[in-house]
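Try each one before reading its solution.

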Amino acid sequence: MRGLSIGQVAERTGLSVHALRFYEREGLLADPVRRESNGRRVYTEDDVEWLDMCIKFRSSGMPLDTIRKYTDLVRQGPGNEQDRLALLRSHQDHVTSQIQDLTECLNVISHKVGVYEEHLEAGTAECLWVGPARAGTSEAS
C-alpha cells in the first residue's frame, strides 16, 4: 500500500506542513507516523481521517490538551469508552452553548439588516446615520 506524503496530507487537510509536524510532535495523531528509510513521513488514509476529526475539534474550540487526552484514550484501546464519551459530551455541551450564543448574535444582526433594508426601501435611511447627540431622535445605527 502506497502511503501519502506530508505535502499530500497538507493539501487534503488544509493544514500546513508545519502544523502537521506540530500535531505529530504534540502527540495528537492516533498512530505513530511511519517513516521511509530516508526519514520521510508516510501517512495513511486513517491518519487523514483522524486529522480531519482533529481539525473539527479545534474549529469547534476544543483545546489541544483535550484533543491529546482523547487521543491518549483512543490509543489505550478498549475499556475506556465511558471516559471518551464523557469528554465528547462535555465538548458537545460547550459547542451547543456556543451555537446558542451565536444564534442570539445572528438574531440581533438579522434585525439590524431588516431595519436597514426597510429604511433604504422607504427612502428614510438618513435617520440611521445620526451622531450620538441626536441618537435619541431615531433608531440607533
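**Exercise 1.** Work out how helix H3 passes helix H4, and which residues meet there.

*Solution.* Start with the handedness: in this predicted model, H3 passes H4 in a right-handed crossing. Next comes the geometry, since two packed helices are described by the angle between their axes and the distance between the axes. Here, H3 (residues 45-59) and H4 (residues 64-76) pack at about 145°, and their axes are 10 Å apart. Now look at who touches whom. H3 brings Trp50, Met53, Cys54, Phe57 and Arg58, while H4 brings Leu64, Ile67, Tyr70, Thr71 and Val74. Finally, sort these by class: you get eight nonpolar residues, one polar and one charged.

**Exercise 2.** Find the largest pocket and describe its lining.

*Solution.* First, the space: the largest pocket holds about 190 Å³. Then go to its centre, where Leu4, Ser5, Glu36, Arg41 and Val42 are the closest of the 15 lining residues. Which elements give two or more residues to the lining? They are helix H1 (6-13), strand E1 (34-35) and strand E2 (41-42).

**Exercise 3.** Locate the domain listed in UniProt and describe its span.

*Solution.* Begin with the record: an unreviewed UniProt entry lists residues 3-73 as "domain: HTH merR-type". Then check that span in the model: residues 3-73 are 59% helix and 6% strand.

Terms used:
Residues are numbered from 1 along each chain as its sequence is written. This is a predicted model: local features need pLDDT of at least 70, side-chain atom pairs count only at pLDDT 80 or more; totals for chains, interfaces and linings use all residues. Side-chain values use heavy atoms; hydrogens and water are left out. On a 1 Å grid over the protein atoms alone, a cavity is a set of points where a 1.4 Å probe fits but cannot get out, and a pocket is an open set with protein on both sides within 12 Å along at least five of seven lines; lining residues have an atom within 4 Å of a point. Grid points are joined across faces, edges and corners, and a volume is the space filled by probe spheres set on the points. Helices (H or I, at least four residues) and strands (E, at least two) are DSSP runs, numbered from the N terminus. Ala, Val, Leu, Ile, Met, Phe, Trp, Tyr, Cys and Pro count as nonpolar, Asp, Glu, Lys and Arg as charged, and the others, Gly among them, as polar. Axes are lines fitted to C-alpha atoms, for helices over the stretch in contact, and angles run from 0 to 180 degrees between N-to-C directions. A crossing is left-handed if the near helix is turned anticlockwise from the far one by less than a right angle, and right-handed if clockwise. Contact means heavy atoms within 4.5 Å. UniProt positions are given in the numbering used here, feature names are shortened, and annotations may be inferred rather than shown by experiment.
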